[in-house]
Amino acid sequence: DIAGCRCILLNEDEEKIYTLVESLKQDFPNNKSNDYLKEAKKDGYKSFHLYVDTESENFPKRKVEIQIRNIKHHNWATLVEIIDLLYAQKIKEGTGSDELKDFLKLFSEKDNLSDSEKFDLIKLGEKHEIFQNICNVFANNYLNVRKNWASQKKTGNYYVIEAGREMQTTIDKFKDFEEAEKSYYEKYLGNRESNIVLTYIKNAKFEDISIAYSNYLLVVHSFFEDYISLLEE
């Protein structure tokens, strides 16, 4: 992608998503869209994708993808990437373990599963030790990431976040885009197996960035509470 923007709505009412979409369409009349809310992707992915053209004095026309989804959709999508990283899979790209795909598909529908489907989900989770493995990574990562965040002395709103195959996360803050972009490419060329993102977040708070980029920070996720609820049922 040349550029992307994600809007995460804390309200789980999907009609709020369409309200925001209509507002954005007024701001960007030249647009196209894919609605994965009315018809989710086969793997369980839900979101509304809006493709808009932007133009300014300093930059030529660019097509930007805006993803609009609620927190429930977002948490599921980031869980896919966490499992990809943890199990060295490429489920997001459509390949990888069929059993892990089945687990994620069932988890995307967790609120509407039959008892037998819940048993299937739990059996797959236990077989691959998904809860234990994610819990171990997050527990080991939490203090290091908090220290990394607290040690940021530079001002700025650009962040380069890297989650490596060794399940350790680093965060670097930059004032200038060019400096952040250089760091992004250096990290990418140094370790192409890592997940790396260059993002702009104004006045970012640790709690917010932990949710928005939970698949990179690897410190908090709603998965634990949701999975425990299924176990209890």
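Predicted model: local features only at pLDDT ≥ 70, side-chain atom pairs only at ≥ 80, totals over all residues.
Residues are numbered from 1 along each chain as its sequence is written, and side-chain values use heavy atoms, with hydrogens and water left out.

Let's start with the second largest pocket, which holds about 400 Å³ of space. Its lining counts 22 residues, and Lys 72, Phe 107, Ser 108, Glu 109 and Lys 110 are the closest to the centre. Two or more lining residues come from each of α2 (71-86), α3 (98-108) and α9 (223-232). A pocket here is an open set of points on a 1 Å grid over the protein atoms alone, where a 1.4 Å probe fits, with protein on both sides within 12 Å along at least five of seven lines; lining residues have an atom within 4 Å of a point. The volume is the space filled by probe spheres set on those points, joined across faces, edges and corners. Helices (H or I, at least four residues) and strands (E, at least two) are DSSP runs, numbered from the N terminus.

Of its 16 residues, 14 are buried, where buried means under 20% relative accessible area, exposed over 50%, and partly exposed in between, with a 1.4 Å probe and protein chains only.

Ser 214 is buried, at 2% relative accessible area. Leaving out residues up to four places away in sequence, Ser 214 touches Thr 78, Ile 82, Phe 138, Ile 209, Val 220 and His 221; contact means heavy atoms within 4.5 Å.

Past the end of α2 sits Ala 88, in the loop between α2 and α3. Most residues other than glycine have a negative phi. Ala 88 has a positive one, near 50°, and is exposed at 57% relative accessible area. Asn 203 also has a positive phi, about 50°; it is found in the loop between β7 (195-200) and α7 (206-212), exposed at 62%.
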